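Visitor: I've got a protein model open and I'd like to learn how to read it. Could you walk me through it?

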Amino acid sequence: MTIKGIKKRFARDAQALRELKGRRKLYFIWDYYKIPVISVLSVAVLLLLSAAFSIGRGDIAMYAVLVNANEEVESTVLDDLLSRSGMDLEGKTVQVTASYKLGQDYSEAYDVQTLQVLAAEFAIGDLDLFAADESVFQSYAEKDAFVDLSLFIETELLDQHQENLYIYENEDGYSIVGGIWLREGSPLHQAGYYSADVLLGVVANAQNLDEALAVAHQLVREMDS
C-alpha cells in the first residue's frame, strides 16, 4: 500500500471511529489495529525489562562462579580482594554463585543441568571469574575458556610462584598460564568456600575483565603473605 493509500485509510478509519460510541469504538480499534497495538506493547515491555535488567546489573562489579564450593558461606572475600587491588567498587559488589555442583558424587542429570547453565554463562559473558577442582577446570581449559594470565601479570611475579601456576597448551599449541592454584590458606579457603586445592581462572569472554584480572593479580600478590 502506498503512503497516499495509507493516509486515505486512516482518514476513513478516523471518520468511522468518530461515529462509534462506547465499547463499539474499542472493538473497532482492536479489530483493525490489534497487530500494531500488540507490537507497540511488546516493544514497551521489552524496553521496561531491559531497563530493569540494566538497573539490576548496575550494582554488580563482577560475576564469580565457584563450582563444588560450600554454598552456605556468606563472605565478601572477593569484594575485599578487589578493593585491595586498588579497584574502586563505587557501591558495587561481586556476585558469587557457589551453588553449582559438578562431577564427584552428583547425579548425571544434575551434571547435565549444571553443564547447560555454565555453557550459557560462559557464552554470554555473565561469568568473569571461575574456580573449580582440577578435573572440572581442565574440561573448560581444553576449550580455551580462560585468558592467559601471563599477558596481564608481571613476569617477575609469576616466576616467583611457578608452583602455583596452571600452565597448559591451548588449541593453537601455545603454552599459557590459564589459572592459578588456590591451596589451604588462600582467601577463598579462609572464607570457607573450599578445603581442598582448587584452580581459579579469568574467563576469556568476561564482561568485567579488568575486575576479574585485578582479583587474580591480587591473589598472586598475596601468596607470600
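Visitor: Let's start with helix 8: which of its residues are buried?

Guide: First, the word: buried means under 20% relative accessible area, exposed means over 50%, and partly exposed is in between, using a 1.4 Å probe and protein chains only. In helix 8 of this predicted model, the buried residues are Ala212, Leu213, Ala214, Val215, Ala216, His217, Gln218, Leu219 and Val220.

Visitor: And what counts as a helix or a strand here?

Guide: Both are DSSP runs numbered from the N terminus: helices are H or I with at least four residues, strands are E with at least two. The protein chain has eight helices and six strands. Going along the sequence, their pattern reads α-α-β-α-β-α-β-α-α-β-β-α-β-α.

Visitor: Why does His217 count as buried?

Guide: His217 sits in helix 8, and it counts as buried because its relative accessibility is 13%. To see what is around it, look for contacts, meaning heavy atoms within 4.5 Å. Skipping neighbours within four places in sequence, His217 touches Phe152, Ile153, Glu154 and Leu157.

Visitor: How do I read the strands? Which ones pair with strand 1?

Guide: Two strands pair if DSSP finds at least two bridges between them. Strand 1 (residues 60-66) pairs in the parallel sense with strand 2 (residues 93-97), over five bridges. Here the bridge partner of Ile60 is Thr93. Strand 1 also pairs in the parallel sense with strand 3 (residues 129-132), over three bridges, and there Val65 has Phe130 as its bridge partner. As for cover, seven of the seven residues in strand 1 are buried.

Visitor: What about the loops? Where is Glu90?

Guide: Glu90 lies in the loop between helix 3 and strand 2. Its phi is near 50°, a positive value in a residue other than glycine. Glu90 counts as exposed because its relative accessible area is 61%. Now try Asp144, in the loop between helix 5 (134-141) and helix 6 (155-159): its phi is near 55°, again positive in a non-glycine residue. Asp144 is partly exposed, because its relative accessibility is 26%.

Visitor: Last one: where does pLDDT stay under 50?

Guide: pLDDT is the predictor's confidence in each residue, from 0 to 100. Where it is low, the predicted coordinates should not be read in detail. Over residues 49-57 it stays under 50, and the model has three contacts beyond four places in sequence for them. The chain's mean pLDDT is 82, with 71% of its residues at 70 or more.

Guide: Some ground rules: residues are numbered from 1 along each chain as its sequence is written, and side-chain values use heavy atoms, leaving out hydrogens and water. In this predicted model, local features need pLDDT of at least 70 and side-chain atom pairs count only at pLDDT 80 or more, while totals for chains, interfaces and linings use all residues.
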